[in-house]
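I opened this one with my notebook beside me and a few simple things to look up. Here is what I jotted down as I went.

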Amino acid sequence: MSGWNLFKMIMIGAMVWSLGGLIIAPIQAQAGVDAKELIDNTCSTCHRFSGEPVSRLKLKAPDLKWGGNKYQHNWLVGFLEGKEELLYPNGYRWDIQRKQADHVKLNAEQAKAVAQYFEKNLLDSRIEKNAFSIDKLTEREVELGAGLFKEYSCLGCHQVKEDGKKIGGPISANLYNSGKRYNFDWLFRFALNPQDFTPHSGEYLADISPLKLRHLLGYLMTLGVDNYPLHVPWETPAFKQTNTDNGKLLYKQYCVQCHGAEGAGDGVGALGLTNPPPANHAKMALSELPMDYLYNVVYYGGKSVGKSPNMPDWGLTIHGQDFVDLIAFLRTNFKGGNEPEVVASSAGASSGDCTQPRKTKKAPASFLNKKNPVSDSASNISAGKKLFMKDAKPVSCLQCHGKKGDGRGPLGGGLKPKPRDFTCAPMMSKISDGQMFWIIKKGSKGTGMMPFNSLKDKQIWQVIRYLRTLEK
Ligand code: HEC
Ligand code: HEC
Ligand code: HEC
Ligand code: HEC
């Protein structure tokens with residue numbers, strides 16, 4: 001059918017409806033649109049509404065046999081009205097014509113009628129209700145899902161938005177509004193085996209555990225959604241009724257083996273773990289640590305924040321109220337760490353010398369001599385200060401390096417080697433900006449200093465501008 005005929009048909013459809021609409025009360029207005037006729041005459045020239053799944057290379061447009069399960073109502077209506085961006089950046093059949101063609105536009109009433117028709121008639125019996133849950137999704141899980149999206153090649157074929165910019169291989173459907181678009185039950189069934197829907201389409205089946213699938217699909221369900229209602233475990237009533245004795249028992253059962261009976265980092269595991277050793281909790285103010293960080297580092301383990309994989313992820317082992325009680329014990333029992341320390345000086349250093357022994361590897365030459373490309377303007381320094389004090393993720397620099405930058409933050413006392421003391425001018429004058437940049441970006445392997453790959457280069461340079469103001 002030519003584009004013009006199609007246009008005429010839709011216009012006739014619209015006119016027929018509007019005549020009907022004048023006479024009939026709004027509730028019955030739908031009766032003016034014969035969704036089935038519209039679908040049979042127009043939509044099925046491109047889409048299939050029945051039949052067995054076939055290769056994309058035999059289709060003109062996505063199959064809609066499961067159209068009643070796949071979409072959220074509002075998205076579908078919006079798409080049919082032409083209010084949503086097209087999905088395939090280079091056309092559905094990029095092998096034939098590599099461009100997006102405008103999609104048929106329906107008026108609001110037609111779109112609604114078609115959506116309702118889908119929801120009543122295009123149901124796929126393979127799709128179960130509530131077969132999988134993403135209830136109580138947390139911010140951390142969404143972050144992990146975003147990581148899995150890249151780790152499992154999804155970004156290779158699907159675009160998403162990062163800071164408003166489209167990234168990824170423009171091969172298949174974009175996913176930047178996937179949280180507004182999919183019904184979760186469809187998405188889960190699709191994920192079990194995409195080939196059940198559109199075989200030989202180029203999609204692949206990822207080798208992924210149910211928990212990781214929860215994170216990945218949870219992440220997709222947040223995309224394009226304003227204020228997705230995320231679960232904040234430590235704001236639940238469970239956290240108001242804690243039993244620290246139970247927490248203490250759990251600490252003995254699971255943590256003492258590395259962290260020691262009194263938390264001094266001297267458990268039996270410490271005999272072989274040195275790079276870095278288990279943290280000395282007795283010298284940490286876990287009471288002051290932001291809750292999200294403490295909760296997540298214990299739940300998801302050291303590697304989840306770029307730290308030692310020898311710190312296990314406990315979330316699957318220690319459940320529900322037990323986990324809550326353990327966190328409560330850590331917070332009430334470990335309050336030290338802020339007391340001034342005599343800084344260990346390297347052998348031969350004269351007393352009063354603040355120079356620390358550095359375990360840090362030397363940055364490659366190309367970084368070592370890099371000049372800071374951001375100026376020392378007040379605004380760069382204050383942007384750097386904000387990251388240092390509060391905003392850097394997974395945890396701010398202050399938590400280890402201290403409010404004053406002297407290495408005495410809540411976690412600082414329990415780490416070996418100690419966090420760098422940025423106030424020590426004799427030492428800092430020998431550490432170049434490029435060296436600092438490299439370590440902030442990549443971390444210092446075998447020490448408590450994790451990589452901050454969530455920071456943009458410019459932000460790292462701004463933090464360095466701030467650090468330079470601390471030298472005394
Ligand atoms: C000329 C061919 C053509 C006609 C006619 C057509 N479509 Fe489409 N449709 C497409 C193509 C191509 C896409 C993929 C476009 C994109 O988003 O990049 C698409 C996408 C869709 C989608 C989203 C599919 C997905 O990826 O999940 C829906 C829903 C849809 N069409 C419904 C309809 C309805 C309802 C009609 C009839 C009113 C219709 N289409 C008529 C070609 C057509
Ligand atoms: C090698 C390319 C490729 C990779 C890698 C890939 N996909 Fe796909 N994906 C496709 C293709 C092709 C389709 C099928 C589109 C069609 O023909 O209907 C698809 C379909 C989808 C759909 C349904 C799109 C729709 O609305 O119909 C979702 C959701 C999806 N993929 C998610 C993922 C996720 C999550 C990952 C990572 C685990 C992933 N994909 C990895 C190519 C890929
Ligand atoms: C197999 C040894 C091992 C066990 C068992 C272990 N940890 Fe750890 N833990 C480590 C190591 C190693 C580090 C240091 C990680 C780093 O700095 O890279 C660490 C660090 C930590 C930290 C500090 C994180 C930071 O950002 O500096 C906390 C808090 C912690 N562990 C809590 C626990 C709790 C609670 C348990 C028991 C449920 C536990 N650990 C059991 C090895 C262990
Ligand atoms: C979990 C604790 C921790 C956090 C959080 C942390 N650091 Fe560190 N940092 C350390 C430790 C420990 C060292 C010492 C490593 C060594 O001696 O190799 C260090 C060393 C450094 C160094 C010295 C590099 C060198 O070559 O001597 C710089 C620069 C640095 N950190 C910057 C930062 C910045 C900026 C942040 C925040 C974005 C940050 N750190 C957050 C623990 C931390």
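This is a predicted model: local features need pLDDT of at least 70, side-chain atom pairs count only at pLDDT 80 or more; totals for chains, interfaces and linings use all residues.

**Entry: H11 and H13.** I looked up how helix H11 (residues 244-259) meets helix H13 (residues 320-333), and found an angle of about 90° with the axes 7 Å apart. Angles of 65 to 115 degrees count as roughly perpendicular, and H11 and H13 are therefore roughly perpendicular to each other. On the H11 side I listed Thr 244, Asn 246, Gly 247, Lys 248, Leu 250 and Tyr 251 as making the contact. Facing them from H13 are Asp 322, Asp 325, Leu 326, Ala 328, Phe 329 and Thr 332. Sorted by class, the residues of this contact come to five nonpolar, four polar and three charged.

**Entry: domains.** I then stepped back to the division of the protein: domain 1 (3-121), domain 2 (139-222), domain 3 (234-333) and domain 4 (365-468). Between the centres of domain 2 and domain 4, taken over C-alpha atoms, I noted 34 Å.

**Entry: H15 and H19.** Next I checked helix H15 (residues 378-391) against H19, whose axes come within 7 Å and cross at roughly 95°. That makes H15 roughly perpendicular to H19. H15 brings Asn 380, Ile 381, Ala 383, Gly 384, Lys 385, Leu 387 and Phe 388 to the contact, while H19 brings Gln 459, Gln 462, Val 463, Arg 465 and Tyr 466. I counted by class here too: six nonpolar, four polar and two charged residues.

**Entry: H18.** Is helix H18 (residues 433-442) mostly covered or mostly open? Mostly covered, I wrote, with seven of its ten residues buried. The buried ones are Asp 433, Gln 435, Met 436, Phe 437, Trp 438, Ile 439 and Ile 440. They pack against helix H14 (365-368) and helix H19 (457-468). After H18 comes Gly 443, and I noted its positive phi, near 80°.

**Entry: ligand 4.** Which helix gives the most to the shell around ligand 4? My note says H18, with four residues. In total 26 residues surround ligand 4, and I marked Lys 359, Thr 360, Cys 397, Cys 400 and Met 449 as the closest. Helix H16 (398-401) and H18 are the elements that give two or more residues to this shell. By class I have 16 nonpolar, seven polar and three charged.

**Entry: ligand 1.** Around ligand 1 I found 23 residues, with Cys 43, Cys 46, Ala 61, Leu 87 and Tyr 88 coming nearest. Helix H4 (residues 73-80) gives the most to this shell, three residues. The class tally reads 17 nonpolar, six polar and no charged residues.

**Entry: ligand 2.** Last, I turned to ligand 2 and its 21 residues, of which Cys 154, Cys 157, Ser 172, Ser 201 and Gly 202 come nearest. Helix H7 (154-157) and helix H9 (184-192) each supply at least two residues of the shell, and H7 gives the most, with three.

Definitions and conventions: Residues are numbered from 1 along each chain as its sequence is written. Chains are lettered from A and ligands numbered from 1 in the order in which they are written. A residue is near a molecule or strand if its C-beta atom, placed from the backbone, lies within 6 Å of it. Domain bounds come from an automatic or database domain assignment. Ala, Val, Leu, Ile, Met, Phe, Trp, Tyr, Cys and Pro count as nonpolar, Asp, Glu, Lys and Arg as charged, and the others, Gly among them, as polar. Axes are lines fitted to C-alpha atoms, for helices over the stretch in contact, and angles run from 0 to 180 degrees between N-to-C directions. Angles under 35 degrees count as roughly parallel, over 145 as roughly antiparallel, 65 to 115 as roughly perpendicular and the rest as oblique. Two residues are in contact if their C-beta atoms, placed from the backbone, lie within 7 Å. A residue is buried if 20 or more other C-beta atoms lie within 10 Å of its own, exposed if 12 or fewer, and partly exposed in between; C-beta atoms are placed from the backbone.
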